[in-house]
Amino acid sequence: MITTGLILHTYPVSRILLLSSTIATLSYTLTIFNQVASPSIFLYNTLISSLTQKDHLKVALSLYDQILTHANLKPNNYTYPSLFKAFGAHQWFKHGQALHAHILKFLHTPYDNFVQASLLNFYARCGRVGIARYFFDQIREPDLATWNSILSAYARKSSVIFVANSSHLDRNTSSSLDVLNLFGHMQKSLVEPSEVSLVALITACAELGALCQGIWAHVYIIRNELSFNHYIGTTLINLYANSGCLRFASQVFHQLPHKDKFCFNAMIRGLAIHGHGHEALDLFEIMKQEGFVPDDVTILAVMCACSHVGLVDEGRKHFESMSSIYGLEPKLEHYCCLVDLLGRAGLVKEAKERVLTLPMKPNAILWRSLLGAARVHGNLEIDGMILKRVRQLMKDHGIDKMPGSSLVEVDGSLHEFLIGDKNHPYVKDIYLKLEEMNTKLQECGHHPRTREVLFDIEEEEKEDALSYHSEKLAIAFALIASDDSCAPIRIIKNLRVCVDCHSSIKLLSLIYRREIIVRDRIRFHHFDRGTCSCLDYW
């Protein structure tokens, strides 16, 4: 190219720069670029894009700085997307904000589709989902990559909360519902989903326990012969485990040709929250034998498994192994699980000491775990002291008790109920069914356990308060609305199920001859023929 003079022409130089950045050293590529007497903005953009793909971000930024200080050059619409992509991957939010300001300064029409898509992807990767959604809504005809960016952003937002509280089954229903709604619009726009789209969809279904939509996604993958990789495998394991279908989760796990640490984490956690603690620990040993190094999520799932079957010493051992064996720093979630493990086993004093010596600021989950332990196991002195102390601490930290809510899926549609909810279109029928349920419960000798209602009201009013708990309203609706009288009733509750509801649902499963699967914030309860899978230990 030098001897023929092609080195003086922009397009041939751009081709050799691309090739060089792929197979040669960085210094060789920059040497070629520096031999060009007056590089155009096209050449700068080409090299910046190549360098960001190879993660040479500082060099790419120095080239961008050369553009800004050049007398005859200005950045254009093709300058920014590769920089934003790199900033998003590194989550350099402040750098991206500065670059966004440059777009407004230097571009005459700042928001063409290409630039908008790069801004959307950047803000999505940095967790600013609201800003990402703004740019998404400005794009007239989003392509598959753009749909995937916004779907993944909402899915990540919900799954961050899920992972952070994986010993407890908290969920972000609004973000998960956004994924379902967006996916519906994507289908209407006739854009065919890819594996990335379906991972986002299944993640949302797993958070919501939306089994029907999740099964549809699984069938779509099979029918369209999409890649059944470990990403999809992990989300399907979470879907089926979170929806009470542990057998399907296990089938997906064992069918995966290539498993990674995340697949094992999902399956161990699924076994744990369904009360199969010993099986979870066995799988943990297999995971280590296959050469996978546990991370903080693995240990949290293992501790959760120990908690649900009362393996206190085993749980303590795994907590201590984080720092002593794996070099991991315990997070607040691990302390929450440890307090839950101790409190559930009746070791309320030790649980209290763990809270008081915590190396970080406690959160609402930890206080609730301690409150639950004090209520269930405490003698009156410890119970009263902890309740008074914890309530004051919750007040000091601005932590409010969240209202109880329950989701139930009937014929593929999700319905949400709050405690004492009267906003449902079938509210009259629901409350009539609730009266019938209460009558049948009384006939079977059930007496409401009013100790669960801690506020100061009359005994009869306490019984009414227990009757209107969100899971009972959800069961009443499912009994009147579901076409299949043999199908399990699946409920997701945001709080731990109370003692009275637990004993009531056991009887209701016998009275109505329906399997009732309740996922509360701690674990799964499979009620069938008057018994529960937790064996009254939760």
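Let me begin with the ground rules. What we have is a predicted model, in which local features need pLDDT of at least 70 and side-chain atom pairs count only at pLDDT 80 or more, while totals for chains, interfaces and linings use all residues. Residues are numbered from 1 along each chain as its sequence is written, and side-chain values use heavy atoms, with hydrogens and water left out.

First, the chain overall. The chain has 26 helices and 6 strands, where helices (H or I, at least four residues) and strands (E, at least two) are DSSP runs numbered from the N terminus. Of its 538 residues, 51% count as buried, and here buried means under 20% relative accessible area, exposed means over 50%, and partly exposed lies in between, with a 1.4 Å probe and protein chains only. The accessible surface of the chain comes to about 25800 Å², of which 54% belongs to carbon and sulfur atoms; these areas come from the Shrake-Rupley method with a 1.4 Å probe, and for residues only the protein chains shown count as cover. If we take contacts (heavy atoms within 4.5 Å) between residues at least 6 apart in sequence, 65% of them join residues at least 24 apart.

Now to the sheet. The 6 strands form an open sheet in the order β2-β1-β3-β4-β5-β6, with mixed pairing, and two strands are said to pair if DSSP finds at least two bridges between them. The edge strands are β2 (413–418) and β6 (531–532), each of which pairs on one side only. Helix α26 (residues 499–511) packs on this sheet, touching β4 (516–519), β5 (524–528) and β6, and its direction makes about 40 degrees with that of β5; for such angles, axes are lines fitted to C-alpha atoms, for helices over the stretch in contact, and the values run from 0 to 180 degrees between N-to-C directions.

Going through the pairings, β1 and β2 run antiparallel and are joined by 6 bridges, with serine 406 standing opposite phenylalanine 417 in β2. Their hairpin has 2 residues between the strands, and aspartate 411 there takes a positive phi near 50 degrees. On to the next pairing: β1 (residues 405–410) pairs with β3 (residues 489–493) in the antiparallel sense over 3 bridges, and leucine 407 stands opposite isoleucine 492 in β3.

Further along, β4 and β5 pair in the antiparallel sense over 4 bridges and form a hairpin with 4 residues between them. Phenylalanine 527 in β5 is the bridge partner of isoleucine 516, and phenylalanine 527 also has cysteine 532 in β6 as a bridge partner.

What about positive phi elsewhere? As background, most residues other than glycine have a negative phi. Glutamate 225, in the loop between α12 (211–223) and α13, has a positive phi near 50 degrees, and at 73% relative accessibility this glutamate counts as exposed. Arginine 513, in the loop between α26 and β4, likewise has a positive phi near 50 degrees, and at 77% relative accessibility arginine 513 counts as exposed.

Let me turn to a pair of helices. The axes of α13 (residues 230–242) and α15 (residues 261–273) come within 9 Å and cross at roughly 5 degrees. These two helices are therefore roughly parallel to each other, given that angles under 35 degrees count as roughly parallel, over 145 as roughly antiparallel, 65 to 115 as roughly perpendicular and the rest as oblique. The residues making the contact include His230, Ile237 and Ala241 of α13 and Phe262, Met267 and Ile273 of α15.

Finally, phenylalanine 292, which is found in the loop between α16 (277–289) and α17 (296–308). At 23% relative accessibility, phenylalanine 292 counts as partly exposed, and, not counting residues up to four places away in sequence, this phenylalanine touches Lys259, Asp260, Lys261, Phe264 and Met287. Phenylalanine 292 and phenylalanine 262 are 30 residues apart in sequence and 9.8 Å apart in space, C-alpha to C-alpha.
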